[in-house]
Amino acid sequence: LTGAGNRRAFDRSIQEILVRSKQQRREVSLMVFDIDNFKMYNDQFGHEAGDQVLQEIVQLLKSVIRRGDRVFRIGGDEFVVIFCDPEGPRKAGSRSPDSVESIARRFQAQVCDMRFPKLGVDAPGSLSISAGLATYPWDEKEASSLLNIADQRALESKRAGKGTITFGRRRDECGD
């Protein structure tokens, strides 16, 4: 439906990516997000409109992430992005975003600005996402634990009022 990989593809990909990242001593970040109040949109405007929202969210996300990053739909309106791009920018002479955080915030802002024709003029406001990020090897070294941490941070974002992204401790931060 969306062009994103499914849960099985995610499970397979994350294992391969973490093995490669360990060998190359590269970090990998996961962002788990869902669309705030999606059920309300689906119920009020119908599944066809809901499907269009899901498709357009994935298209937007793919336009924001880097070439080697991956997108997966792991639930109804729940997605995970594996930020693992080892390659350079898409166009010669351009620069890749400085950080996963900047990519996530740009995606979040663009979702807020999106308009969906099938929702019509009666659609209440704009959509938003709630997300959580976790990074290998700083947060966790195992795929399932890394996903769990990102998912827990996404839940923190929901509890904080939705429309937010919760990041973990950065490697340059001190702490116990």
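This is a predicted model: local features need pLDDT of at least 70, side-chain atom pairs count only at pLDDT 80 or more; totals for chains, interfaces and linings use all residues.
H3 covers residues 47-64, which makes 18 residues, and the distance from its first C-alpha to its last is 26 Å, close to the 26 Å expected at 1.5 Å a residue. What lies over those buried residues?

Strands of a sheet pair through backbone hydrogen bonds, and they can do so in a parallel or an antiparallel way. Here, five strands form an open sheet in the order S2-S3-S1-S4-S5, and the pairing is mixed. At the edges you will find S2 (70-73) and S5, each of which pairs on one side only.

S1 and S4 run antiparallel and are joined by eight bridges. Two places to look are phenylalanine 33, whose bridge partner in S4 is alanine 131, and serine 29, which stands opposite threonine 135 in S4. S4 and S5, by contrast, run parallel, with two bridges between them. Here glycine 132 has threonine 166 in S5 as its bridge partner. To get from S4 to S5, the chain passes through H5, and this β-α-β crossover is left-handed.

Is S4 enclosed or open to the outside? Eight of its eight residues are buried, so S4 is largely enclosed by the rest of the structure. You can check this on both faces: Ile129, Ala131, Leu133 and Thr135 are buried on one side, and Ser130, Gly132, Ala134 and Tyr136 are buried on the other.

Tyrosine 136 and proline 137 are joined by a cis peptide bond, with omega at about 0 degrees. Proline 137 itself sits in the loop between S4 and H5.

Now follow the chain into helix H5. This helix has 17 residues and reaches 24 Å from its first C-alpha to its last, close to the 24 Å expected at 1.5 Å a residue. Its buried residues are Ala143, Leu146, Leu147, Ala150, Arg153, Ala154 and Ser157. Why do they line one face? Seen down the axis of H5, the buried residues fall within an arc of 125 degrees, so they line one face of the helix. The general rule behind such patterns is that an α-helix has 3.6 residues a turn, so residues three or four places apart point the same way. On the face of H5 turned away from its buried side, you will find the exposed residues Ser144 and Arg159. The buried residues, meanwhile, pack against helix H1 (7-24) and strands S1, S3 (78-83), S4 and S5 (165-166).

Beyond H5, look at the backbone. Glycine 161 follows the helix and has a positive phi, near 120 degrees. Lysine 162 also has a positive phi, of about 65 degrees, although it is not a glycine. Lysine 162 lies in the loop between H5 and S5, and with a relative accessible area of 34% it is partly exposed. Another residue of this kind is asparagine 37, which has a positive phi near 60 degrees without being a glycine. You can find asparagine 37 in the loop between S1 and H2.

Finally, let us look at charged side chains. How many salt bridges does a search of the whole structure find? The search finds seven. One of them joins aspartate 34 to lysine 158, with 2.7 Å between the closest N and O atoms. These partners sit in distant parts of the chain, 124 residues apart, with aspartate 34 in S1 and lysine 158 in H5. Aspartate 34 counts as buried because its relative accessibility is 18%, under the 20% cut-off, while lysine 158, at 23%, counts as partly exposed.

Aspartate 139 belongs to the loop between S4 and H5, and arginine 153 to H5 itself, 14 residues apart. Arginine 153 has 13% relative accessibility and therefore counts as buried. Salt bridges with shared partners also tie Asp34, Asp36 and Lys158 into one network. Elsewhere, arginine 66 forms a salt bridge with aspartate 69, the closest N and O atoms being 2.9 Å apart, and both of these residues are buried.

How values were computed. Residues are numbered from 1 along each chain as its sequence is written. Side-chain values use heavy atoms; hydrogens and water are left out. A salt bridge is a side-chain nitrogen of Lys or Arg within 4 Å of a carboxyl oxygen of Asp or Glu. Helices (H or I, at least four residues) and strands (E, at least two) are DSSP runs, numbered from the N terminus. Buried means under 20% relative accessible area, exposed over 50%, partly exposed in between (1.4 Å probe, protein chains only). The expected span of a helix is 1.5 Å times one less than its number of residues. The arc is that of the directions from the helix axis to the C-beta atoms. Contact means heavy atoms within 4.5 Å. Two strands pair if DSSP finds at least two bridges between them. A crossover is right-handed if, with the strands pointing away from the viewer, the path from the first strand over the helix to the second runs clockwise.
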